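Work through the exercises below with the sequence and the structure at hand. Try each task before reading its solution.

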Amino acid sequence: SGGQRYRVGERVLLFLYPPSKLGLTSCVAGAMGRFSVDSWDRVLLSAQHLSAFQTDAVLRGKSQLTLTDFARAVRRSSEVE
C-alpha cells in the first residue's frame, strides 16, 4: 500500500535491486531510483534528484537530460566508486 504507483502509459527509467527469492524487487533508494521520461526521450529530474546531483558536471542544474547524457553521468558515477 505504501509502494510507488504507476499509470498506464507512464514512461519511467528505474534502477532496481536484484529480485528477491520471491521474485520481488524495488527501486534503489526509493524515489531516487525512479526517473520520469518524457515523450521526447528526455530524463526528467525531480527536485530531489537535482539536490543529490548538484555537484555533477553534466547533471548540475539541468532538470531534463537526453538519455545519452544521463547514461554518461551514470557510467561516470560507477567509475568513481
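**Exercise 1.** Is phenylalanine 35 buried or exposed?

Solution. The model is a predicted one. Step 1: take the relative accessible area of phenylalanine 35, which is 2%. Step 2: compare this with the cut-off, since buried means under 20% relative accessible area. Step 3: phenylalanine 35 has 2%, so this residue is buried.

**Exercise 2.** Find the class of phenylalanine 15 and of aspartate 56 from their relative accessibility.

Solution. Step 1: phenylalanine 15 has a relative accessibility of 30%. Step 2: aspartate 56 has 16%. That value is under 20%, so aspartate 56 counts as buried.

**Exercise 3.** Which elements make up the protein, and in what pattern do they follow along the sequence?

Solution. Step 1: there are two helices and four strands. Step 2: reading along the sequence gives β-β-β-α-β-α. Leucine 14 is in strand E1, which covers residues 12–14. Aspartate 41 is in the loop between E2 and strand E3 (42–44). Aspartate 56 is in the loop between helix H1 (47–52) and strand E4 (64–66).

**Exercise 4.** Describe the aromatic pair of phenylalanine 15 and phenylalanine 35.

Solution. Step 1: the count of aromatic pairs comes to three. Step 2: in the pair of phenylalanine 15 and phenylalanine 35, the ring centres are 5.9 Å apart and the planes are at 75°. Planes over 60 degrees apart count as edge-to-face, so this pair has that geometry. Step 4: Phe15 and Phe35 belong to one aromatic cluster with Phe70.

**Exercise 5.** Which residues form a nonpolar patch on the surface?

Solution. Step 1: the patch consists of Tyr6, Leu14 and Leu16, and together they have about 260 Å² of accessible area. Step 2: check one member. Leucine 14 has a relative accessible area of 31% and is partly exposed. A patch residue needs over 30%, so leucine 14 passes that cut-off.

**Exercise 6.** What is the phi of alanine 29 and of aspartate 41?

Solution. Step 1: alanine 29 has a phi near 60°, a positive value in a residue other than glycine. Step 2: aspartate 41 is not a glycine either, and its phi is positive at about 60°. Step 3: locate alanine 29, which lies in the loop between E1 and E2. Aspartate 41 is partly exposed, at 35% relative accessible area.

Technical notes: Residues numbered from 1 in each chain as written. Predicted model: local features only at pLDDT ≥ 70, side-chain atom pairs only at ≥ 80, totals over all residues. Heavy atoms only, no water. Patch = residues over 30% accessible without salt bridge, like charges linked within 9 Å, V, L, I, M, F, W, Y side chains within 5 Å. Areas by Shrake-Rupley, 256 points an atom, 1.4 Å probe, with all protein chains shown as cover. Salt bridge = Lys/Arg side-chain N within 4 Å of Asp/Glu carboxyl O. Buried < 20%, exposed > 50% of the residue type's maximum accessible area, 1.4 Å probe, protein only. Phe/Tyr/Trp six-rings, centres within 6.5 Å; stacked < 30°, edge-to-face > 60°.
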